[in-house]
Amino acid sequence: MNKPFIIAVDDDPSVLKVVDLDLRTRYGKQFRVFSLNSGTNALEYLKNLKEKNELVALFIIDQRMPQMTGVEFLSQARLMFPTAKRVLLTAYADTEAAMTAINDVGLDYYLMKPWSPPEEKLYPFLDDLLRDWLALIFPPGKRNFGEPTEHFP
């Protein structure tokens, strides 16, 4: 079985680079991390994944992007991958959007930027979400990729 995906989307290249590095460093052994610079590009990519019957475990999406907000993206992405965990990256001014998204798109968590150090402000939350997702999709003894779910990496 192929490893599931973690999809990151942010229009700011420097932020996307950091997100991608943090995700690959922690989760690259168990998941395929793919980063995109717009919601539109990401939705096209998701259509291809859906056609290939791939799994998406987690979306981590910036709220403020041109052409499509993170909440708008998540509302469409969850139709294709309803079990994927959804995390919104926000600035302080976007916390109201994040609170609304909890109900509107079933948001699992929101993180305020910056999240340094990731060992304290990113990984503990994502670890929990990914463990929950793995337990839902692959009950104990039913996985055949990556490492045990008890810990990351």
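Author: A residue is called buried under 20% relative accessible area, exposed over 50% and partly exposed in between, with a 1.4 Å probe and protein chains only. By that rule, buried residues account for 46% of the 153 residues in the chain. The model is predicted, so local features need pLDDT of at least 70 and side-chain atom pairs count only at pLDDT 80 or more, while totals for chains, interfaces and linings use all residues. Residues are numbered from 1 along each chain as its sequence is written, and side-chain values use heavy atoms, leaving out hydrogens and water.

Helices (H or I, at least four residues) and strands (E, at least two) are DSSP runs numbered from the N terminus. The chain has 6 helices and 5 strands, in the order β-α-β-α-β-α-β-α-β-α-α from the N terminus.

Rings of Phe, Tyr and Trp (its six-membered ring) pair if their centres lie within 6.5 Å; planes under 30 degrees apart are stacked, over 60 edge-to-face, and the rest tilted. The whole structure holds 6 aromatic pairs. In one of them, F59 and F73 have ring centres 5.7 Å apart and planes at 80°, so the pair is edge-to-face. Because F59 belongs to strand β3 (residues 56-62) and F73 to helix α3 (residues 70-80), this pair ties together parts 14 residues apart in sequence. F59 is buried at 0% relative accessibility, and F73 is buried with a relative accessible area of 0%.

Y109 and F125 form a stacked pair, 4.6 Å centre to centre with 20° between the planes. This pair links Y109 in strand β5 (residues 109-112) to F125 in helix α6 (residues 123-137), 16 residues apart. Y109 is partly exposed, at 29% relative accessible area; F125 is partly exposed at 29% relative accessibility. Elsewhere, F5, F34 and Y45 form one aromatic cluster.

Now the helices. Axes are lines fitted to C-alpha atoms, for helices over the stretch in contact, and angles run from 0 to 180 degrees between N-to-C directions. Helix α2 (residues 39-51) packs on α3 at an angle of about 0°, with the axes 10 Å apart. That makes α2 roughly parallel to α3, a label for angles under 35 degrees, with over 145 roughly antiparallel, 65 to 115 roughly perpendicular and the rest oblique. Contact means heavy atoms within 4.5 Å. The residues in contact are G39, A42, L43, L46, K47 and K50 of α2 and F73, Q76, A77 and M80 of α3.
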